[in-house]
Amino acid sequence: MDSSKIILSRIKDVTAPLVDIYQCDEIDISILRMLASDARASQRQVATALGISAPTVSERMAKMERAGVIKNYSVQIDWTALGYSQIVFLSVSAAGDYDIADVMKQLWALPEAEEVTLISGDVDLLVKLRVRDHYHLRELLMDHIWQITGLKGT
């Protein structure tokens, strides 16, 4: 087996799966827009705002949940208010004889990692990190990222 197949052998395990495209209409889009702006809005509130019945909203939301369009209801955090004001993009190269999926998993395990994206070109990955300041980034690089097995460079 050549080395390019070894490196990418388990990449499907850590990348986004292919999904069927959900066929939606304007009502579905309106429901999604309302939920995106306020995930805590009740089905009755959504129904009233859109001029449709609450059971219609309930049925449509349940259908979108089953189809994976709505994955969860969450809170949006202002990380700057918590002191994590710096966004850093880090390019990462994996060693040629190491499975990049393992490197990706180790990067995803970092609490500071917001995104780990496989890219093509001279580097293998682009990682979006959220850190407090330069010193936090330095500590993260030296104590965690540069210690990842299979990492060639950043």
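Mentor: In this predicted model, strand 1 (residues 86-94) and strand 3 (residues 125-131) run antiparallel and are joined by 7 bridges. One point of reference in this pairing is Leu90, whose bridge partner in strand 3 is Val127. Helix 5 (residues 100-108) packs on the sheet and touches strand 1, strand 2, strand 3 and strand 4. The direction of helix 5 makes about 165° with that of strand 2. Helix 6 (residues 134-143) also packs on the sheet, where it touches strand 1 and strand 3. Its direction makes about 130° with that of strand 3.

The sheet as a whole is open and is formed by 4 strands in the order 2-3-1-4, with antiparallel pairing. Its edges are strand 2 (113-118) and strand 4 (151-153), each of which pairs on one side only. On average, neighbouring strands of this sheet are turned by 35° against each other, with direction ignored.

Lys128 lies in strand 3. Its relative accessibility is 17%, and it therefore counts as buried, because that class covers values under 20%. If residues up to four places away in sequence are not counted, Lys128 touches Ile87, Val88 and Phe89, and also Glu112, Ala113, Glu114 and Glu115.

Two of these contacts are also salt bridges. The side chain of Lys128 meets that of Glu114 in a salt bridge, at 3.4 Å from N to O. Lys128 belongs to strand 3 and Glu114 to strand 2, so this pair ties together parts that are 14 residues apart in sequence. Glu114 counts as partly exposed, because its relative accessibility is 28%, whereas Lys128 is buried, with a relative accessible area of 17%.

The side chains of Glu115 and Lys128 form a salt bridge as well, at 4.0 Å from N to O. Here too the partners come from distant parts of the chain: Glu115 is in strand 2 and Lys128 in strand 3, 13 residues apart. At 38% relative accessibility, Glu115 counts as partly exposed. Through shared partners, salt bridges join Glu114, Glu115, Lys128 and Arg130 into one network.

A search of the whole structure finds 5 of them. One is formed by Arg60 and Asp25, whose closest N and O atoms are 2.8 Å apart. This pair, too, links distant parts of the chain, with Arg60 in helix 4 (residues 54-66) and Asp25 in the loop between helix 1 (3-7) and helix 2 (26-37), 35 residues apart. Asp25 counts as partly exposed, at 33% relative accessibility.

The loop between helix 1 and helix 2 also holds Tyr22. Tyr22 and Val69 are 47 residues apart along the chain, yet their C-alpha atoms are separated by 7.3 Å. Leaving aside neighbours within four places in sequence, the contacts of Tyr22 are Asp28, Lys63, Met64, Ala67 and Val69.

The structure holds 1 aromatic pair. It consists of Trp79 and Tyr84, which are edge-to-face, with 6.0 Å centre to centre and 80° between the planes. Trp79 counts as partly exposed at 33% relative accessibility, and Tyr84 is likewise partly exposed, with a relative accessible area of 25%.

The mean pLDDT of the chain is 90, and 95% of its residues reach 70 or more. Confidence is highest in helix 6, at 97, and lowest in helix 1, at a mean of 53. Where pLDDT is low, the predicted coordinates should not be read in detail.

Conventions. Residues are numbered from 1 along each chain as its sequence is written. Side-chain values use heavy atoms; hydrogens and water are left out. Two strands pair if DSSP finds at least two bridges between them. Helices (H or I, at least four residues) and strands (E, at least two) are DSSP runs, numbered from the N terminus. Axes are lines fitted to C-alpha atoms, for helices over the stretch in contact, and angles run from 0 to 180 degrees between N-to-C directions. Contact means heavy atoms within 4.5 Å. Buried means under 20% relative accessible area, exposed over 50%, partly exposed in between (1.4 Å probe, protein chains only). Rings of Phe, Tyr and Trp (its six-membered ring) pair if their centres lie within 6.5 Å; planes under 30 degrees apart count as stacked, over 60 as edge-to-face and the rest as tilted. pLDDT is the predictor's confidence in each residue, from 0 to 100.
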